[in-house]
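Here is a short briefing on one protein chain. Look at the strands, then a pocket, then the confidence of the model.

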Amino acid sequence: EAGGGDAGKSVNDAVEELQSLGFEAEVARKALEKFHFSVPRAADWLLAGGDTAAEEREAFTERGGGSPPGGALGKADTGGTAEGAELPHEMQQLKERVGNAVQRFVGGLAPDWACVRTGLSTLLSILNRILTNPEEEKFRRVRLSNAAFTSKLARHQGGKELLLAANFRYSGDGEALECPQSDAAALLIACQVVEAALEALP
């Protein structure tokens, strides 16, 4: 059933796309097989914790805890009120994930620093608009067909992966990348990483 997901994308391309998010090839391949080689669904599942998250949810439920803290997609939902060390650990993981995605994006375009700066500035604008207007749904949804987004960010290798690393998810129709409304903490950390990268550019 490998033809169900991204029909025009070879298996190797799909694996490489997930590897660009920091996942090992074997892990990426298993996730793709699980979701019939749909990259968006596999990426969402892996970024949400994959099997580890599923096991934690099951264990938590078996202990009589009901729903686990901070659902699979809204990792910032706990607001730091659950177990003290959990949220910082998740945020540290997110910081590393965004940092790795930024490094790959920069490495893929260097030494075209103008292009790098434009791409990272575009990403920062997207993140800041959401933080400034948290109730505005239109700012949390980035259409993949948007000409400005495509020319400045998405057309470059690792461009879309920058948003995925910052907890964006593919929309149900696969036509956009969306940010969970409760991910303010993740957005702040992503902004800090991107700002630091911009300042470090030649």
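Predicted model: local features only at pLDDT ≥ 70, side-chain atom pairs only at ≥ 80, totals over all residues.

- β3 spans residues 176–178.
- β1 and β3 are joined by 3 bridges, in the antiparallel sense.
- Arg141 has its bridge partner in β3, namely Glu178.

**The second largest pocket**
- The second largest pocket has a volume of about 250 Å³.
- It is lined by 13 residues.
- Closest to the centre of this pocket are Ile126, Arg129, Val142, Asn146 and Phe149.
- Which element gives the largest share of the lining? That is α6, with 4 residues.
- The lining of this pocket holds 5 nonpolar, 3 polar and 5 charged residues.

**Confidence in the model**
- The average pLDDT of the chain is 76.
- A pLDDT of at least 70 is reached by 72% of the residues.
- Residues 1–9 have a pLDDT below 50. Beyond near neighbours in sequence, this stretch has 14 contacts in the model.
- Residues 52–87 also stay under 50 in pLDDT. For them the model has 35 contacts beyond four places in sequence.

Note on methods. Residues numbered from 1 in each chain as written. Heavy atoms only, no water. pLDDT = per-residue confidence, 0-100. Contact = heavy atoms within 4.5 Å. 1 Å grid on protein atoms, 1.4 Å probe; cavity = no way out; pocket = protein on both sides within 12 Å on 5 of 7 lines; lining within 4 Å. Points joined across faces, edges and corners; volume = space filled by probe spheres on them. Helix = DSSP H or I, 4+ residues; strand = E, 2+ residues; numbered from the N terminus. Nonpolar A, V, L, I, M, F, W, Y, C, P; charged D, E, K, R; others polar. Pairing = 2+ DSSP bridges.
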